[in-house]
Each structure stands twice: as C-alpha cells, then as structure tokens.
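Subject: Structure for your review

Dear colleague,

Please find below the structure that I am handing over to you, with its sequence.

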Amino acid sequence: QLAWLPLAIVIGGMLSVPVAPWLTSSIDKKNAALAAGAGFALLITLPYNLRLLGWMPPNGDAMLLPLLVANNVLAYTCLYVSHGLAGSMMADVADEYELATGKRQEGVFFSSQSFAFKATFGLGTFFAGIAIDLIEFPGQAAVNAVPAEAIFGLGMIAGPAICLVQLLAVAVMSAYPINAARYHLIRQELNARATQATVAGMRAQAEVGV
C-alpha cells in the first residue's frame, strides 16, 4: 500500500507538465504560482486536518488509501507547477535586472535560488527534529505503543502548523512585482536595445569596410 504514495508523486509531476502552461495562459504566471502554492499547502495537509476534525475514514477503511493517493496526486501536481513557475519567474527577474543594469546575471539568481532550496530543506529538517522533541514523540516505540498525545501532536504539526507555514510562503511570494504586462514591456525594451546594438554593429563593420 505504501508503494502507491510515491507513485502518486510521480503522477503529479507528469500532470504538472501540461497544467503549468495552461494555468499560466489562463491567469498569469504570478497568479498561477500563487494558486499552485496555496493548493499544495492546503492539499498536502488536508488528510491530517480532516483526521483531526474526525472527517477522514478510519485506519483500515477501504476508502482511505484511494483518498490519500488522489489527494497526493493533486497536491504534488500543485507543487511541481509552483516549482516550475518559480524558475520561470526567476528568469523574468534576470531580464528585469538586465533592463536596469545592462548586465546578465542568471547564474547569480539561479544559484541563490538553489541555495535557498537547500537551506530550506536543512532548516526544515532541523525544526522538524525540534517539533518531535516538543511533542515527546518516542523514538523506539511500537506503533501501538505511541501515546495518543504524541500522535495528536504529530497531527497538529503535519496539519495546521505546516499549512500555515506554507501559506506564509505564498503570502511572501505575492509581493513578486512582475506580471504579464510588466514582463511584456521589459521584453520590448530589451529587444529594442538588442536591435539597436545589432544595427550599430553593422554600421561599424560597414565603416571599417569602407
């Protein structure tokens, strides 16, 4: 049964390939990234939140696994869409930087993004360990020997707490200033500069030839 859960992640990744461009063309890249990020925050924590509310099928119910797999497919579709759009948005930032300074710095921007991903993973692992200690979750206990209070605490972390952190990240991303109209103007200006540079180069070559 556990093998179905990573399979759902793979399916979500495959679905994100057609979903991302469709979503971007429908509601703009920034709004698509915000919607996908919020969707992941809500969906990835949904089973835990519903269990805390008593609205999920009990363990052993035949519907539990299909619901978890379906939810994971949707959640990871949102995750991969948001990650893909984050890279595209970073490329737009590089274009805006070139417009402002005349320099291309994709390497700096994307290396910073890569570092942020790695730092987030490391810090997440660190804080997860602290959270496990705070709820006094036993390290070497059989499944049926874990105290109910520890299980409840784990559900609060995996559900409401993680959801709030994810939504906070989406709120921060909402400050991203480049929309479709702004990017169109940036590309127009950069293309005009490139055309002027090309014309100037051709004139210089012609003068040298003369």
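The chain contains seven helices and zero strands, and its elements follow the order α-α-α-α-α-α-α from the N terminus on. Its radius of gyration is 24 Å, whereas the globule rule gives 17 Å for 210 residues; the chain is therefore more spread out than a compact globule. Along the principal axes, the C-alpha atoms fill a box of roughly 90 × 30 × 30 Å. Of the 210 residues, 28% are buried. Please bear in mind throughout that this is a predicted model.

Salt bridges

The structure contains seven salt bridges. Asp 95 takes part in two that deserve a description. In one, its side chain meets that of Arg 104, at 2.6 Å from N to O. In another, the side chain of Asp 95 meets that of Arg 187, with an N to O distance of 3.4 Å. Because Asp 95 belongs to helix α4 and Arg 187 to helix α7 (residues 180-209), this second pair ties together parts that lie 92 residues apart in sequence.

The accessibility of these partners is as follows. Asp 95 has a relative accessible area of 6%, and is therefore buried, the limit being under 20%. Arg 104 is partly exposed, at 35% relative accessibility, and Arg 187 is likewise partly exposed, at 27%.

A further salt bridge joins the side chains of Glu 189 and Arg 193, at 3.6 Å from N to O. These two residues are four apart in helix α7, so about one helical turn separates them. Glu 189 counts as partly exposed, with 37% relative accessibility; Arg 193 is partly exposed too, its relative accessible area being 35%. Elsewhere, salt bridges with shared partners connect Asp 95, Glu 98, Arg 104, Glu 106 and Arg 187 in one network.

Aromatic rings

A pair of aromatic rings is described by two quantities, the distance of the centres and the angle of the planes. The structure has three aromatic pairs. One of them is formed by Tyr 97 and Phe 109, whose centres are 5.5 Å apart and whose planes stand at 75°, an edge-to-face arrangement. This pair links distant parts of the chain: Tyr 97 is in helix α4 (residues 64-101) and Phe 109 is in helix α5 (residues 106-134), 12 residues apart. Tyr 97 is partly exposed, at 31% relative accessibility, while Phe 109 is buried, at 18%.

Phe 126 and Phe 127 form another pair, with 5.3 Å between the ring centres; their planes lie at 65°, over the 60 degrees required, so this pair is edge-to-face.

The ring of Tyr 183 has a charged neighbour: the charged end of Lys 29 sits over this ring, 5.5 Å from its centre.

Nonpolar surface

Which residues make the nonpolar surface patch of about 570 Å²? The patch consists of Trp 4, Leu 7, Val 10, Ile 11, Met 14 and Leu 15. Trp 4 lies in helix α1 (residues 4-27). With 48% relative accessibility, Trp 4 counts as partly exposed, because that class covers values between 20% and 50%.

Yours sincerely

How values were computed:
Residues numbered from 1 in each chain as written. Predicted model: local features only at pLDDT ≥ 70, side-chain atom pairs only at ≥ 80, totals over all residues. Heavy atoms only, no water. Phe/Tyr/Trp six-rings, centres within 6.5 Å; stacked < 30°, edge-to-face > 60°. Buried < 20%, exposed > 50% of the residue type's maximum accessible area, 1.4 Å probe, protein only. Lys NZ or Arg CZ within 6 Å of the ring centre and 35° of its normal. Patch = residues over 30% accessible without salt bridge, like charges linked within 9 Å, V, L, I, M, F, W, Y side chains within 5 Å. Areas by Shrake-Rupley, 256 points an atom, 1.4 Å probe, with all protein chains shown as cover. Salt bridge = Lys/Arg side-chain N within 4 Å of Asp/Glu carboxyl O. Rg over C-alpha atoms; globule rule 2.2 N^0.38 Å.
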